[in-house]
Amino acid sequence: MSVRNLDKLFRPSSVALIGATPRAGTVGDLILKNLRAAQFPGPLSLVNPLHRTIDGMPVYPDVASLPSVPDLAIIATPPDTVPGLVAALGAKGTRAAVVITAGFGELGAAGKALQREILEAAKPYLLRLVGPNCIGVMVPGAHLNASFGHLAPSEGGVAFVSQSGAIVTALLDWAQPRGIGFSHVVSLGDMADVDFGDMLDYLGDDAGTRAILLYVEGVTGARKFMSAARAAARRKPVLVVKVGRFAQSQHAAASHTGALAGSDKVYDAAFRRAGMLRVRDMAELFDAVETLATTQAQYGDRLAILTNGGGPAVLATDALIEQGGVLATLSPATLARLDAKLPRTWSHGNPVDMVGDADGARYRAALEILLDDQEIDAVLVINCPTAMQPPVDSARAVIEAVAARGSHFTGRNLFANWIGDYAATPARKLLAAARIASYDTPHSAIRGFMNRVDYRRNRDLLLETVPTHAEGLAIDTEAARSILAAALAAGREWLEPQEISALFAAYGIPFVATRVARDGDEAAEIARAIAAPVALKIRSPDISHKSDVGGVSLNLHTPEEVRAAAAAMIAHIRDVLPKARLDGFIVQQMIDRPGALELLAGVTDDILFGPVILFGQGGIAVEIIDDTTIEFPPLNLNLARAQIARTRVSRLMKGYRNQPPVDGDAVADVLIRLSQLVADQSAIGELDINPLLADAKGVIALDGRVRVRRAPDGVSRLAIRPYPAELISEETLADGTKIRLRPIRPEDEPAIVALAERMTQHDLRMRFFVPMKQLTHEFAAKLTQIDYDRELALVAEPPSQGEIWGVARFFADPDNIRAEYAIVVRSDLQGHGLGFRLLTRLVELARTRGLKEIIGDVLSENDAMLQMCREFGFSLAAHPKEPGVIRASKPL
């Protein structure tokens, strides 16, 4: 479940408090006081069988006695009473409840069983639950404070959602003296029902929420979370604090990949892929709230620093460069204007050090000059307390300069750092009242600026045009499936070397030719046939890392050397691992690639997020070097390149001294193929390529391990739904024209732009409702980079491919109940039945997905589309909010 009935939770028309009490200091008493202090405008009912009235308000003995149906109930009663209360509320018609009570999942098996009873009681009524074990919810704009928090938040544009109630109260305590307000404050507690995915879906669509901040201890429902997070982060900044970074892995993994894919790295990958920003601690959490509450979207990354002290400006510059920021270059015109206003001893560059006696007038004059420079995207103003000039005077001057800009300040931000405490505090209060972002240190001010910059950079990166993968993916899924099935049928957990070679060959992953020998004599004969230096490796189901136990011998030139190495290897391993099963040897021709880098590529299965792809520096010291990064399948060329670039070894891959650059796209190709392999083959539990040898000539895998497991087929185990290739179909229109229908791909962006270019202005307006000459890159990227779990866009193309003739798409709500559809056909191809065929197929797929209704908005003058809707049996009615628009709807 997702956003269904959450409006009853956050915008209720009536509220009931179950467990209200007059006993001062109790939870029931504090919640009642908060509800009344917030001046909730609707009916407020109280339930407690022990009281008739509380402070003049009537109290009812049970839920059934309530005179009306409350939209929202707050439950603060003993744990064993909660399931019955939820059932009674559901039967009465209540559709949302906040369970304040603790004593459920956090208390072990008995508590978890009781928590399941609550869910079972709520389920028949679609009653949504926040909690249990939470402090409640607060929505200042709705005058709702259904919590026992010690402070009520003021209204603002930041939503804060936390699993920890203590963090909620701490943040409110910090925010109040700074005048920072919130759209929602939600304590999720044990997340029996409403979770982070639900909140992201709801808040992502909430017009009153400009930014979202999460305090996360763990997430549930990885697929839902990723879909909701990706959707929300495209609309507004989403920052997340994830704690428990150093928790031990829940299970030991036998390969390098499993050992390195700790849960925190997987969370990092999830947040990055979704476009969210991660902050690390309480200090960063507070700074993030300051930034989100008092700044706007940041369009550029060039920062100017204005100061009356050189030392703090140097600290700020260091922090800026360290965090990947850009120090703005002052234009000649700006330098000349500053020369005319500042003392001769000013710094004559950026940072702009006005020297220690700078007064308010000097601050204002210099700041106005910097704000006039269009090559500056943001300004950090620093003030150090001096005996000559009161900090409050400088603060007033900055406030006046900003106020004078008015709306001309759009797209740029001002950040302030008044250093100190005693003298700085009054100035900070003035800045807070003026809604200017103010920080305690230069470093935290830079971090605030970079939060805005990094959000824009991440968003731009995710919207980059995806290049067509030149190699394509010629793969043999059935051959791979047969290999895995045979291993499972034989009861084996690990693939044999020859099976790994065949599996990689099926997916086009270069792997050194591998042969298996039963003993040293057969290994020697294989080496004689190869007639080149070989590598000899032990073959054993009990040995994960062969080199650790002397199970690898390299550069053997003759059969005699192979025979001797085999005997020595057997003797040594029997000495160090006497119980290991030894099944012979692996013989491989030595690959002579001087200067090639040893890389690591692999797949492991995270307990929450499912399969993830790992890449980094390989070799026998891989754990010590610890240079790895994780990404989620599916991958495209942009994502694979970005994953590689996050590692230190990527610098070596670019070439150095006399070493030429590595073929980076060949490395990326391996990652893409591994991504496709794990998406196709659910039987793969773990995969490890180490080393993956890479140089200017390309890549080749020298060793690999693959663990298999029995798992249900399908893509539900993946956190991000992969490309639905099974929906590709070949079709013939009524006039005999052959077409190919397939889901859209990110690589289709250029073709979508070309489609729009070949449409008339009239047809573009019929589709998008506004005059449009062409599609912007950002808009085209959003049309092509879709979430296949919630969206579907079918493109129609000729059999020769290369161009797109038409597109039909739907976007489902988070509850998968209703979807909105749209269709466009190239202007010169209309009238041939292509739109009709696209809509037919779209409706078929919507019905298959389990949607209950499909709707579309059509301009009242779009006669052709309205006629098609009638032929399909759509109901047509005037749009309830938009004049000149017809709402078409069809139950499925």
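Axes here are lines fitted to C-alpha atoms, for helices over the stretch in contact, and angles run from 0 to 180 degrees between N-to-C directions. Helices (H or I, at least four residues) and strands (E, at least two) are DSSP runs, numbered from the N terminus.

This is a predicted model, in which local features need pLDDT of at least 70, side-chain atom pairs count only at pLDDT 80 or more, and totals for chains, interfaces and linings use all residues. Residues are numbered from 1 along each chain as its sequence is written, and side-chain values use heavy atoms, with hydrogens and water left out.

## A helix pair

Helix 6 (residues 196-204) packs against helix 7 (residues 222-235). Their axes are 8 Å apart, at an angle of about 25°. Helix 6 is therefore roughly parallel to helix 7 (angles under 35 degrees count as roughly parallel). The crossing is left-handed: the near helix is turned anticlockwise from the far one by less than a right angle.

Contact means heavy atoms within 4.5 Å. Helix 6 brings Phe196, Gly197, Asp198, Leu200, Asp201 and Gly204. Helix 7 answers with Lys224, Phe225, Ala228, Ala229, Ala232 and Arg235.

Spaces are found on a 1 Å grid over the protein atoms alone. A cavity is a set of points where a 1.4 Å probe fits but cannot get out. A pocket is an open set with protein on both sides within 12 Å along at least five of seven lines. Lining residues have an atom within 4 Å of a point. Grid points are joined across faces, edges and corners, and a volume is the space filled by probe spheres set on the points.

The whole structure holds 2 cavities of 30 Å³ or more.

| Space | Volume |
|---|---|
| Largest cavity | about 140 Å³ |
| Second largest cavity | about 40 Å³ |
| Second largest pocket | about 640 Å³ |

The largest cavity has 15 lining residues, and Leu755, Phe768, Leu783, Val807 and Val824 are the closest to its centre. Helix 25 (749-757), helix 26 (761-768), strand 34 (806-812) and strand 35 (818-825) each supply at least two lining residues.

The second largest cavity is lined by Pro237, Leu239, Leu277, Thr291, Leu292, Asn451, Arg452 and Tyr455. Helix 16 gives the most to this lining, with 3 residues.

Technical notes. Angles under 35 degrees count as roughly parallel, over 145 as roughly antiparallel, 65 to 115 as roughly perpendicular and the rest as oblique.
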